[in-house]
Amino acid sequence: MKVIRTTNHQEMSKIAANIILDRIKSSSHITLGLATGGTPIQTYAYLAEDYLENQTSYQHVVTFNLDEYIGLPKDDPNSYHYYMHQHLFSKVNIPRDQTFIPNGLTEDLAAECETYEQKIQQYNGIDLQLLGLGKNGHIGFNEPGTPFDQHTHIVSLTRSTIQANARFFGTVEEVPKQAITMGIGSIMESKEILLLVSGKEKNQALNKLLHGRIDEQFPASILNNHENVTIIADEDAIMNT
Ligand code: GLP
């Protein structure tokens with residue numbers, strides 16, 4: 001894994017945005033895997049800023065989001081549909097029918113998982129996957145113990161993830177208890193992975209990722225087996241690791 005160390009969150013976000021823009025500009029067709037959470041917000045803001053300044057086109061870009069909560073309507077401010085619209089899709093010229101996010105409201109969740117995975121394959125898999133890191137090592141919503149070969153599936157969120165994400169909701173009780181997530185198998189099939197890690201609360205997790213052993217109890221550890229991973233970590237996240 002290649003590690004880029006930055007002085008702060010801004011610099012991490014700028015470098016990430018520049019890598020994404022480079023891949024978008026140098027291809028005639030590209031499929032991006034996108035992440036939500038607090039970490040990539042500034043990266044998306046830089047992409048929006050670039051669009052205002054340079055009108056970099058997204059007409060040839062297809063996106064698949066990693067995950068979505070089960071039970072939240074798309075227009076709920078805490079849904080990842082809403083998040084992506086707010087931070088990126090409304091800011092660039094990406095055709096809406098080229099953006100895919102799991103549907104957490106469908107009655108047949110098993111079918112949704114299968115269809116989502118098939119759609120990714122129809123677009124020849126993900127070229128560049130953006131990832132954040134959960135404090136317990138989760139990627140997407142793949143919690144500790146998730147089999148490494150699993151594809152899109154339903155998960156029950158751990159107490160640690162519910163508590164970490166409660167900051168976006170009014171109370172812990174309002175955080176959905178389940179989500180649909182691309183699996184670790186899906187993520188590992190991406191051709192390139194960009195992992196963003198920011199803040200001192202991620203310091204221990206990053207240390208474990210860089211120096212620990214590969215173990216299903218720490219989902220991100222599998223990234224050590226992928227041949228094209230770049231970690232961009234700010235000083236708070238990487239210090240003393
Ligand atoms: C969340 C999301 C992940 C995200 C991670 C870290 O639960 N499902 O996609 O990468 O946890 O979130 P944050 O960037 O807010 O720390």
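This is a predicted model: local features need pLDDT of at least 70, side-chain atom pairs count only at pLDDT 80 or more; totals for chains, interfaces and linings use all residues.
1. Beyond its neighbours within four places in sequence, Leu194 is in contact with Ala16, Ile19, Leu128, Leu130, Leu131, Thr230 and Ile232.

2. Leu206 belongs to helix H7, which covers residues 203-211, and it counts as buried because it has 24 C-beta neighbours inside 10 Å. The C-alpha atom of Leu206 is separated by 11 Å from that of Asp236, which is 30 residues away along the chain.

3. The sheet is open and has seven strands in the order E1-E10-E9-E6-E2-E3-E5, with parallel pairing. Its edges are strand E1 (2-6) and strand E5 (99-100), each of which pairs on one side only. Within this order, strand E9 (residues 192-197) and strand E10 (residues 229-234) run parallel and are joined by five bridges, and Ile193 has Val229 as its bridge partner in E10.

4. Strand E6 deserves a paragraph of its own. E6 pairs with E9 in the parallel sense over four bridges, with Gln129 standing opposite Ile193 of E9, and it pairs with strand E2 (residues 30-34), also in the parallel sense, over two bridges, where Gln129 is the bridge partner of Gly33. How are the faces of E6 covered? Leu128 and Leu130 on one side and Gln129 and Leu131 on the other are all buried, so that both faces are covered. In a regular strand the side chains alternate between the two faces of the sheet.

5. The shell around the ligand has 13 residues, of which Gly37, Gly38, Thr39, Gly132 and Gly134 come nearest. By class, this shell is made up of three nonpolar, nine polar and one charged residues.

6. Turning to annotation, the unreviewed UniProt entry lists Asp67, Asn136, His138 and Glu143 as "active site". Asn136 lies in the loop between strand E6 (128-131) and strand E7 (153-156), and Glu143 is placed in the loop between E6 and E7 as well. Are Asn136 and Glu143 buried or partly exposed? Asn136 counts as partly exposed because it has 19 C-beta neighbours inside 10 Å, whereas Glu143 counts as buried because it has 21; the cut-off for burial is 20 or more, and a reader may wish to keep that threshold in view.

7. With residues up to four places away in sequence not counted, Glu143 touches His138, Val155, Leu157, Thr158 and Thr161. Asn136, under the corresponding exclusion, is in contact with Pro144, Thr158, Ser160 and Thr161.

8. The unreviewed UniProt entry also lists residues 11-229 as "domain: Glucosamine/galactosamine-6-phosphate isomerase". Over that range the chain is 34% helix and 16% strand, and the C-alpha atoms at its ends are 19 Å apart.

9. Two backbone angles may be worth checking. Most residues other than glycine have a negative phi, and most peptide bonds are trans. Asn124, although not a glycine, has a positive phi of about 65°; it is placed in the loop between helix H4 (109-122) and E6, and it counts as exposed because it has 11 C-beta neighbours inside 10 Å. Asn240 likewise is not a glycine and has a positive phi of about 65°; it is found in the segment after helix H8 (235-238), and it counts as exposed because it has 5 C-beta neighbours inside 10 Å.

Note on methods:
Residues are numbered from 1 along each chain as its sequence is written. UniProt positions are given in the numbering used here, feature names are shortened, and annotations may be inferred rather than shown by experiment. A residue is near a molecule or strand if its C-beta atom, placed from the backbone, lies within 6 Å of it. Ala, Val, Leu, Ile, Met, Phe, Trp, Tyr, Cys and Pro count as nonpolar, Asp, Glu, Lys and Arg as charged, and the others, Gly among them, as polar. A residue is buried if 20 or more other C-beta atoms lie within 10 Å of its own, exposed if 12 or fewer, and partly exposed in between; C-beta atoms are placed from the backbone. Two residues are in contact if their C-beta atoms, placed from the backbone, lie within 7 Å. Two strands pair if DSSP finds at least two bridges between them.
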